[in-house]
Amino acid sequence: MSPLVDNLLSGALAIAAYAVLGMVLLIVGFYAIDLATPGKLSAVIKIERNPNATLLATSGLAAVGLIVAASIWSSGGALHEGLLATAVFGLVGIAMQTVAMLVFDLVAGISVRELIKESELQPGARLLAVTHLAIGLITAVAVI
């Protein structure tokens with residue numbers, strides 16, 4: 001095979017591997033968010049159509065996406081080393097994001113449990129959503 005074909009195949013393999021790992025980390029991140037919020041998050045969103053739960057879940061997943069992207073960016077090295085670094089940095093980042101989210105929710109005095117009970121979008125959900133994104137960005141930059 002030519003060097004070009006070798007480079008294209010190895011690059012495509014790397015993209016696929018990182019994409020699969022990224023999806024797995026997003027799923028782990030979703031379940032971490034689910035554990036940090038009251039009720040079964042997928043049911044609260046899908047069945048109850050709760051806008052507060054939806055906003056908090058989407059902002060949390062966007063934050064996880066930032067962390068995973070930063071983990072991939074900073075991983076470097078050979079493919080297997082990069083995947084391992086991404087997995088470790090991604091999991092640590094998800095854990096830190098979840099802990100920071102719970103701590104900030106407590107410090108801000110906004111009860112996620114109460115927000116999830118509301119059927120209309122609440123100002124507190126907007127504040128927490130932006131905070132989750134900010135914490136995700138801070139965590140992502142720490143990974144880099």
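**Exercise 1: A tryptophan and its surroundings**

Trp73 has a relative accessibility of 69% and counts as exposed. The model under study is a predicted one.

Task: State in which helix Trp73 is placed, and how far apart Trp73 and Val143 are in sequence and in space.

Solution. Step one: Trp73 lies in helix H3, which covers residues 51–75. Step two: along the sequence, 70 residues separate Trp73 from Val143. Step three: in space, their C-alpha atoms are 9.1 Å apart.

**Exercise 2: The salt bridge of Lys40**

Task: Identify the salt-bridge partner of Lys40, and decide whether that partner, Asp34, is buried or exposed.

Solution. Step one: the partner is Asp34, with 3.9 Å between the closest N and O atoms. The pair qualifies because the cut-off for a salt bridge is within 4 Å. Step two: Asp34 has 11% relative accessibility and is therefore buried, as the limit for this class is under 20%. Step three: Lys40, with a relative accessible area of 47%, is partly exposed.

**Exercise 3: A salt bridge within a helix**

Task: Describe the salt bridge between Lys117 and Glu114 and the position of both residues in helix H5.

Solution. Step one: the closest N and O atoms of Lys117 and Glu114 are 3.4 Å apart. Step two: both belong to helix H5 (residues 112–117), and because they are 3 residues apart there, about one helical turn separates them. Step three: Lys117 is exposed at 59% relative accessibility, while Glu114 is partly exposed at 42%.

Step four: the count for the model is 2 salt bridges.

Key: Residues are numbered from 1 along each chain as its sequence is written. This is a predicted model: local features need pLDDT of at least 70, side-chain atom pairs count only at pLDDT 80 or more; totals for chains, interfaces and linings use all residues. Side-chain values use heavy atoms; hydrogens and water are left out. A salt bridge is a side-chain nitrogen of Lys or Arg within 4 Å of a carboxyl oxygen of Asp or Glu. Buried means under 20% relative accessible area, exposed over 50%, partly exposed in between (1.4 Å probe, protein chains only). Helices (H or I, at least four residues) and strands (E, at least two) are DSSP runs, numbered from the N terminus.
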